[in-house]
Amino acid sequence: MGERRDTGTTIERSPGDTGDDFVGPGTGPEGHLRPGADGPGDSGGPGGHGGGSGGSDGPGEGGPAGAGSFGGARRPGARGALAWLGRELLGWGRWYWRQLTSMRTALILLFLLALASIPGSLIPQETGNPAVLADFRARHGALAEVYERLQLFNVYSSVWFSAIYILLFVSLIGCIVPRTWQFIGQLRSRPPRAPRRLDRMPASTRWWTEAEPAAVLDAAHGELRRRRFRTARDGEGDGPGARPAAVAAEKGYLREAGNLLFHIALVVMLIAFAAGQLYRSEGGKLVVVGSGFTNTLTQYDDFGSGALFDIGELERFRFDLDEFHARFAREGPDLGTPREFRADVTYWRDGDTEGTEAAIEVNHPLTIGDAKIYLIGHGFAPVVTVTDGQGEIAFTGPVPFLPQDMAGTATGVIKVTDYLDENGEPDQLGFQGIFSPTYRITEDRGPHSSFPEPDHPVLTLTAYRGNLGLNSGIPQNVYQLDTSRMEQFLDPTGEPRRISMEPGDTWELPEGKGSLTFEGFERWASFQISTPAANGWALAGAVGAVLGLAASLLIQRRRVWVRATAGPDGRTLVEMGSLGRTESARIPEELGELVAVLSRQAPPVPAAGDGADSTDEPDGSDGSDGSEGPDAGAAGAGEPAGDAETTRDLPAGPPAPRADAGEPGSGGAEPTHNRKERSRDA
């Protein structure tokens, strides 16, 4: 069994040192190259530096003509130049692939993805509320043009966001595939053989017993299997070259499985996010109490969908808004705070002859097939009747007004297109209004509401006549009035005529142009109808990521070795050692539990000579003091006496496992990285 040799850059080991996947310099525990091994110098990047991924074609083998490149020596002629170019491109491709699939690049891309999502939350998006986006563009003309060029109004479908997304996806796939094969190889391999010097393990112990070596190993093997360790026995052959009999055990493979699960879950979440954007649909609809909605494209106030969504796949249903309930706190410090919002609806699915009653509340959507109906807003719709100059009804019905503050003050417009003036000529009327559920007027604010419930409803209006501009071909906001081609009604003093009306009041328009009656009001509710895609996959990915991260953080990879060697006097020397992939107080505790169990099968006895020089130590031991009595946690010969011991009381004399705390070169424990290297001695 050869010993390891530190060459300064990598850790070499002889063929006898097998089965150890506790990595050294060059690769990290995550399966990515460490910084010392993923740079150009390690894979033949700029400057050559010791051979690239092109194997024998690396720099240095081809002489000066190929120094510092992947192509190596360039042979004369066009064929030689093409061969050199091919090796160069292949080398650079491999180098860039290693950079892309490194842990450093994955973390940078993950950070950039999170950073790139911020504008999508702060800046109005075209897939969101069109009215908010239009208002932003109107108020920030020059800035809106810059945002448009940078695709900040379409963040999640922009080129730069998609590039980050795809690169992160490729990086994760490039990490998962090799790590999966490596993990499969670890599962198929046997635990590594016992090191020669078990006393150099972070936790170790030894004692003498009169039990047979085979019986000790059988007991150790059974106990380790009971604790779900993967075990293997070796060194039980006869002959002068046979290895000492030992049991090797390893546990904690779920740690690496958790790492793989975490990475796979991230890929699943990325795929689910992409599918959700491509196959989703989402639209809004304002519904007045007493009216309804049918789930067809023409019924939506606004609608957006993914690039791969088929309009024909819209869920077939309709619903009526029967009642809307809103309740607010009327006293105390929470005055005006919402207490309840509930929309009572009746819905029909395709083919239903009878409706189904349901209630939709905030954060409690109604699910109909694949569609979800969310309650997102509410308000009031004044009911008005307008007669024209000929005494005919030109308009009647509820007109939704949009709330402007928490007290319910709402604004809106009434547009009357089918209108005849006093001379019988076609004309158009427009009204701008403020609806106040609980009316109040002040000098600084004018008419407004002081409470969101309709305790004293008042409708305040101003009127215009002229061209509404509806036939211009330019889309208009139904909640705004274009007065550029209209004339406002004035009072005798020349001031704009404004009137406040309670339910039942009628306003006679001047010059016999008709009248407007405030009949009352209705409530309205706004709904968002969404058809989500891949939500289940996204949830599964999120749960898997949490479970994988928990497993990788909480489960510890560790190894245990038990060696039993027959001495010349017929007694058996039992040696035990334990090694964890990371530092943990659990390592010596677990070994102490194993010692306590094993000592019942192999009771300790005093060493020969009761502390005399261990001339009877069996072959294959480390040459340290063999008189292992109560002070069995002591180090080998030449080690300081001050090495730390565990304080766990073990039964009937077996020494407590020693948790080394010495310094390099002292014979005690070394720093963690040195311990790991020395633990691989064969």
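Which residues have the most contacts inside the largest nonpolar core? They are Phe319, Ile373 and Phe527, and the core that holds them has 26 residues. A nonpolar core is here a set of buried Ala, Val, Leu, Ile, Met, Phe, Trp, Tyr and Cys residues joined through side-chain atoms within 4.5 Å. Buried denotes under 20% relative accessible area, exposed over 50%, and partly exposed the range in between, with a 1.4 Å probe and protein chains only.

The structure is a predicted model, in which local features need pLDDT of at least 70 and side-chain atom pairs count only at pLDDT 80 or more, while totals for chains, interfaces and linings use all residues. Residues are numbered from 1 along each chain as its sequence is written, and side-chain values use heavy atoms, with hydrogens and water left out.

Two or more residues of the core come from each of strand 9 (317-328), strand 10 (338-349), strand 12 (366-368), strand 13 (371-387) and strand 24. Strand 9 is the element that gives the most, with six residues. Helices (H or I, at least four residues) and strands (E, at least two) are DSSP runs, numbered from the N terminus.

Strand 24 (residues 515-531) also holds Glu522, a residue that is partly exposed at a relative accessible area of 33%. On the surface, Glu522 gathers with Asp322, Glu323 and Glu357 in a patch of negative charge. Patches consist of residues with over 30% relative accessible area and no salt bridge; like charges are joined within 9 Å and nonpolar side chains (Val, Leu, Ile, Met, Phe, Trp, Tyr) within 5 Å. For the charges, Asp and Glu count as negative and Lys and Arg as positive, with His and the chain ends not counted. Each charge is placed at NZ of Lys, CZ of Arg, CG of Asp or CD of Glu.

Leu115 belongs to helix 3 and is partly exposed at 44% relative accessibility.

The next topic is charge pairing. Side chains of opposite charge can pair when their charged atoms come close. A salt bridge is a side-chain nitrogen of Lys or Arg within 4 Å of a carboxyl oxygen of Asp or Glu, and a search of the whole structure finds 32 of them. In one, the closest N and O atoms of Asp234 and Arg193 are 3.8 Å apart. This pair links distant parts of the chain, 41 residues apart: Asp234 is in strand 4 (residues 230-234), and Arg193 is in the loop between helix 7 (159-188) and strand 3 (203-209). Asp234 is buried at 10% relative accessibility, whereas Arg193 is partly exposed at 36%.

Another salt bridge joins Arg330 to Asp455, with the closest N and O atoms 3.1 Å apart. Arg330 lies in the loop between strand 9 and strand 10, and Asp455 in the loop between strand 19 (446-449) and strand 20 (458-466), so this pair ties together parts that are 125 residues apart in sequence. Both partners are partly exposed, Arg330 at 48% and Asp455 at 45% relative accessibility.

Arg558 and Glu590 also form a salt bridge, their closest N and O atoms being 3.2 Å apart. Because Arg558 lies in strand 25 (residues 558-566) and Glu590 in helix 11 (residues 586-601), the pair ties together parts 32 residues apart in sequence. Here Arg558 is buried at 13% relative accessibility, and Glu590 is buried at 3%. Elsewhere, a network of salt bridges links Glu223, Arg226, Arg227, Arg586, Glu589 and Glu593.

Most residues other than glycine have a negative phi, and most peptide bonds are trans. Asn363, which is not a glycine, has a positive phi of about 65°; Asn363 is found in the loop between strand 11 (356-361) and strand 12 and is exposed at 70% relative accessibility. Ala534, also not a glycine, has a positive phi of about 65°. Ala534 lies in the loop between strand 24 and helix 10 (535-554) and is partly exposed at 23%.

Methods. Accessible areas come from the Shrake-Rupley method with a 1.4 Å probe; for residues, only the protein chains shown count as cover.
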